[in-house]
Amino acid sequence: MGMRLQAVMRTVVGLCACLILASCAEDIGVDQHGRKVAAEQLEGQWLVINYWAEWCAPCRSEIPELNALARQLHDRSVRVVGVNFDGLQGAELSSAAQALSIEFTVLQQDPAARYQLPRSEVLPVTYLVDDRGRLRERLLGSRPPPGWRLTWIGCVEESRAMAQICVHGYVSGRVQGVWFRQSTVEQAERLGLQGWVRNLEDGRVEVLAEGDEPAVRALTAWLEHGPSGAQVTAVDLQEQPLQGIAGFVLRR
């Protein structure tokens, strides 16, 4: 009985640990007030992510505009989020945010890796991330009010209005052994698309691509000829529902 009880206890402890870890994975970190920021608070929303520092005078001048932007876009599924450039934590971050009268959420953990934000050595810098976690715009430097706020409202509205489509189909001809797949990946990444490409046993190449409609159309046009060395005889692509794929990969 003793050994059986110990085994049961180990199982219970293991399950609890898994639940705790899963719960932690749901959190992006804490804000300037030490409150947890759950992933669901930011997922599915457009994000305006601003990097600031106390020593950056233009950053200070932008804070009132950011506060106003946060209030103005609150009902449009857009969140303004701040990140301290110097990586301040805890009480230091809280004090700095209070000194600058920041009203929006400031993350203690830098979300750059999560959203694949390119590092900038210039401040101020602000990024626009769409509701699927993809970087859409980057604004360097400051704008005199209300130009800054109007610029970002325009960026959000324009980006949100851009249609997203998904296409899937096949490319026929001399399309294997000529770097067709790798070239397709490079073109898709340049256009900011998601999806995949792979060779088929019958000699065709199968492609799925999704993203902004103009970018998808541009890739479709490129597939009509492909890389040098390819001889494309037919491209048969059909639109289908968005798949929600992350990245563009070469499938084997």
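E121 counts as exposed, at 63% relative accessibility, where exposed means over 50% relative accessible area, buried means under 20%, and partly exposed lies in between (1.4 Å probe, protein chains only). This is a predicted model, in which local features need pLDDT of at least 70 and side-chain atom pairs count only at pLDDT 80 or more, while totals for chains, interfaces and linings use all residues. Residues are numbered from 1 along each chain as its sequence is written, and side-chain values use heavy atoms, with hydrogens and water left out.

**View A. R119 and E121 meet in a salt bridge.** A salt bridge is a side-chain nitrogen of Lys or Arg within 4 Å of a carboxyl oxygen of Asp or Glu, and for R119 and E121 the N to O distance is 3.3 Å. R119 counts as exposed, at 54% relative accessibility.

**View B. R71 and E103 form a salt bridge.** Their side chains meet at 2.7 Å, N to O. R71 lies in helix 3 (residues 57-73) and E103 in the loop between helix 4 (90-99) and strand 5 (105-107), so the pair ties together parts that are 32 residues apart in sequence. Helices (H or I, at least four residues) and strands (E, at least two) are DSSP runs, numbered from the N terminus. R71 is exposed at 54% relative accessibility, and E103 is exposed with a relative accessible area of 57%.

**View C. E206 forms a salt bridge with R198.** The closest N and O atoms of this pair are 2.7 Å apart. E206 counts as buried at 7% relative accessibility, whereas R198, at 27%, counts as partly exposed.
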